[in-house]
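Subject: Structure handover

Hello,

Here is the structure we spoke about. Please open it alongside this message and follow the notes below.

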Protein chains: 2
Amino acid sequence: MRPTVHDIAAAAGVSLATVDRVLNQRPGVRHVTREKVEAAIRELGYIRDVAAANLAKGRTYSLVFILPASDNSFMYGLNAEIRQAILRSPAERTDIRTIEVPAFDPAALVSVLEELSREKPCGIAMVATDAPEVRAIVDRLVRAGFPIVTLVSDLTGSLRHHYAGVDNIAAGRTAARLLGRFLGPRKGEIAVLAGSMLVRDHRERLEGFTSVMAEEFPDLTILPVLEGRDDPEIAHMLVADALSRNAGIIGVYSLGAGNRGLIRALKEKAVDRTLTVIAHELTAHTRAALLDHTIDAILNQDAGHEVRSAVRVLKAKADGLAVIEAQERIRLDIFLKDNLP
Amino acid sequence: MRPTVHDIAAAAGVSLATVDRVLNQRPGVRHVTREKVEAAIRELGYIRDVAAANLAKGRTYSLVFILPASDNSFMYGLNAEIRQAILRSPAERTDIRTIEVPAFDPAALVSVLEELSREKPCGIAMVATDAPEVRAIVDRLVRAGFPIVTLVSDLTGSLRHHYAGVDNIAAGRTAARLLGRFLGPRKGEIAVLAGSMLVRDHRERLEGFTSVMAEEFPDLTILPVLEGRDDPEIAHMLVADALSRNAGIIGVYSLGAGNRGLIRALKEKAVDRTLTVIAHELTAHTRAALLDHTIDAILNQDAGHEVRSAVRVLKAKADGLAVIEAQERIRLDIFLKDNLP
DNA sequence: GATTTTTTGATTTACGTACATCAGAATTGG
DNA sequence: CCAATTCTGATGTACGTAAATCAAAAAATC
């Protein structure tokens with residue numbers, strides 16, 4: 001049987017009330033007494049029964065998800081997963097709410113965080129916009145005791161407790177190696193379609209991609225990046241244009257959203273040539289394209305896993321508990337047509 | 001506020017005791033009364049507070065993991081993950097125990113299951129050996145109300161509640177496509193190293209592998225399977241022999257364990273030729289081989305995820321709760337040297 | 001209609017923790 | 001040494017559910 005507060009009280013030779021004061025860091029305990037109790041806790045290996053504690057407190061974890069107001073299909077999926085989490089709320093003692101902020105707008109994000117600091121939720125998950133002022137307020141909130149995790153897009157160098165997202169540099173590197181290996185000995189040019197070079201994830205993917213390409217696949221030349229702004233129409237235009245203009249293109253890496261446009265362009269312009277294509281994010285469109293061989297591989301991050309992980313980590317941090325690191329690591333999924341879920 | 005048993009009692013116009021009798025399917029409630037209570041439960045959307053219930057019951061979930069007594073590094077890792085789960089037991093109200101049975105021995109497995117049926121654990125996770133008599137007793141236990149999940153190796157056609165493992169046919173198909181694409185236009189022969197064709201996982205991987213090879217990569221010929229019995233020494237011998245004998249080998253697929261021997265053979269015999277190699281299971285050895293380019297890709301199943309998933313599913317089934325399907329799906333991880341964890 | 005059986009109600013205790021109150025003890029300051 | 005202050009103990013209630021007991025009511029049986 002695991003020890004209870006009663007056992008601690010008996011072992012430390014104090015009353016239940018004193019144990020309670022120590023456990024919940026309430027005032028009114030002399031230093032020596034507190035040490036006695038803490039020693040007993042350590043010796044007996046006492047672990048607070050979180051379920052019972054939450055029951056007694058009537059606690060619910062109020063969590064806030066801050067998301068950019070961009071309507072690409074990845075964010076759409078992320079939203080859907082949060083709604084799923086909200087449906088599970090009663091069973092998980094959570095009370096989840098989302099706040100939309102304009103995308104790429106550090107000031108807006110900062111002001112939302114300011115407001116939250118007054119409201120005192122139990123935890124905050126945010127798709128970070130990488131800016132010094134955001135880092136500053138995140139650090140301030142963390143120091144003030146708020147559990148904070150970044151979601152999908154990290155805030156490196158900040159004090160955030162956890163990052164629930166993939167390593168985008170590794171994703172870019174993986175894309176490069178896959179593309180390089182799939183193309184084998186062929187020489188030629190690679191078109192890269194990104195959303196915007198202002199977005200950190202995209203910059204990082206490109207960085208990883210170019211470095212592996214340069215190191216290991218010198219026969220492949222990367223063309224200037226096409227910035228499709230995650231918009232299918234623009235993506236279509238840019239890719240179609242590049243393909244008609246340049247007959248030397250033998251591979252495409254799409255590291256952002258707007259793949260619907262990419263796929264259309266490929267079907268129009270590339271039926272006759274063997275193009276190797278790698279794209280990010282598994283959606284209905286990319287899945288179909290993978291199955292009909294328009295795309296050769298899809299790199300994906302599981303939004304459901306990211307949301308569930310963020311919730312678990314925030315709850316654990318709110319209770320001062322440890323997380324299972326391996327469980328919270330978001331993997332880079334590589335999908336070929338054979339291992340689709 | 002979510003409704004409690006008190007609210008149900010008030011709404012149904014019965015006493016707390018009656019609600020309890022209905023909720024815990026105790027006798028002594030007239031049919032009409034039971035219906036009244038059930039209606040109230042539905043109308044108010046009552047969900048039992050599992051944490052409070054477990055507290056009241058003093059419940060711990062006694063779970064049994066049945067594992068084959070084979071000491072390859074995957075099973076070793078699986079064991080380690082179970083030990084981790086045991087360490088978490090106090091916080092998770094679980095009481096986990098493992099039972100080793102001789103590998104590939106249906107009779108032994110059946111007798112262990114027979115015994116467990118008397119002991120009445122809350123749930124059983126088992127690495128299944130695929131045999132009719134095993135299926136029969138699993139079905140009997142499921143019908144008797146035991147939650148049962150298969151782990152790593154499934155028992156198709158049985159009534160087991162869940163399978164915590166990868167789709168091995170998809171794994172084989174994925175391996176074939178990766179190998180085929182990596183080899184590009186080259187023609188040649190492929191060596192396949194398996195543990196034993198008596199193991200279902202291995203048979204399925206091979207099945208997936210050969211079918212994609214036949215369909216899509218006709219220039220690649222699969223040589224007769226080398227059965228290394230998951231033993232590094234035997235694997236080394238078989239692969240070294242095959243490589244010296246056959247100069248036409250340009251690719252290797254290792255779908256079982258014993259990769260240490262494979263890697264040694266590759267380093268001895270294949271330094272001069274460019275061989276493309278795909279192996280299963282990420283271990284210290286395969287990881288090193290991936291990093292030094294001896295192996296080109298590793299397919300992996302995350303034993304930690306499998307164990308945690310099995311525990312979650314068994315607990316949920318024991319309580320008659322739903323599981324989050326997407327969370328319990330075990331993915332086939334594809335590791336290149338760039339996305340290693 | 002009396003008797004037996006079944007069904008229901010009322011009440012209590014328990015699980016492990018949180019939190020509040022009040023009295024009493026120990027410590028400190030003057 | 002007394003008063004003021006700081007600590008500690010004892011006790012009770014609460015959270016939502018389980019489970020047991022015993023009495024009372026209702027239904028079924030004869």
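This is a predicted model: local features need pLDDT of at least 70, side-chain atom pairs count only at pLDDT 80 or more; totals for chains, interfaces and linings use all residues.

The interface of chain B and chain A

In chain B, 40 residues are in contact with 40 residues of chain A. Together the two chains bury about 3,500 Å² between them, and carbon and sulfur atoms give 50% of that area. Three residues, Arg181(B), Arg331(B) and Asp338(B), supply 20% of the area that chain B buries against chain A, more than any other three residues.

Between chain B and chain A there are 12 salt bridges. One of these pairs Arg331(B) with Asp333(A), with 2.7 Å between the closest N and O atoms.

Several elements give two or more residues to the side of chain B that touches chain A, among them helix H5 (73-92), helix H8 (168-183), helix H13 (303-318) and strand E12 (333-335) of chain B. H8(B) has the largest share, with seven residues. By type, the residues on this side of chain B are 17 nonpolar, six polar and 17 charged.

Arg177(A) and Asp338(B)

What does Arg177(A) touch, leaving out residues up to four places away in sequence? The list is Val212(A), Glu216(A) and Phe217(A) in chain A, and His293(B), Leu336(B), Lys337(B) and Asp338(B) in chain B. Arg177(A) is located in helix H9 (residues 168-183) of chain A. Its side chain makes a polar contact of 3.1 Å with the side chain of Glu216(A), and another, of 2.4 Å, with the side chain of Asp338(B).

The pair of Asp338(B) and Arg177(A) is also a salt bridge, with the closest N and O atoms 2.4 Å apart.

Other salt bridges

Over all chains, the structure holds 48 salt bridges. In chain B, the side chains of Arg26(B) and Asp20(B) form one with an N to O distance of 2.5 Å. Arg26(B) is partly exposed at 38% relative accessibility, and Asp20(B) is partly exposed at 32%.

Another salt bridge, at 2.8 Å from N to O, brings together the side chains of Lys267(B) and Asp292(B). The two residues are 25 residues apart and link distant parts of the chain: Lys267(B) is in helix H11 (residues 259-269), and Asp292(B) is in the loop between helix H12 (284-291) and strand E11 (297-300) of chain B. Lys267(B) is partly exposed at 42%, as is Asp292(B) at 37%.

Salt bridges with shared partners also tie Arg173(A), Arg177(A), Glu215(A), Glu216(A) and Asp338(B) into one network.

Strand E1 of chain A

Strand E1 (residues 61-68) of chain A is mostly covered, with seven of its eight residues buried. E1(A) runs parallel to strand E2 (residues 94-101) of chain A, and eight bridges join the two. Within this pairing, Val64(A) has Arg97(A) as its bridge partner. E1(A) also pairs in the parallel sense with strand E3 (residues 123-126) of chain A, over four bridges. There, Phe65(A) stands opposite Ala125(A).

Regards

Conventions. Residues are numbered from 1 along each chain as its sequence is written. Chains are lettered from A and ligands numbered from 1 in the order in which they are written. Side-chain values use heavy atoms; hydrogens and water are left out. Buried means under 20% relative accessible area, exposed over 50%, partly exposed in between (1.4 Å probe, protein chains only). Two strands pair if DSSP finds at least two bridges between them. Contact means heavy atoms within 4.5 Å. Buried area is the accessible area (1.4 Å probe) that two parts lose on being put together, summed over both. A salt bridge is a side-chain nitrogen of Lys or Arg within 4 Å of a carboxyl oxygen of Asp or Glu. Ala, Val, Leu, Ile, Met, Phe, Trp, Tyr, Cys and Pro count as nonpolar, Asp, Glu, Lys and Arg as charged, and the others, Gly among them, as polar. A polar contact is a pair of N or O atoms within 3.5 Å; within protein, one must be able to donate a hydrogen and the other to accept it, and residues adjacent in sequence count only if both atoms are side-chain atoms.
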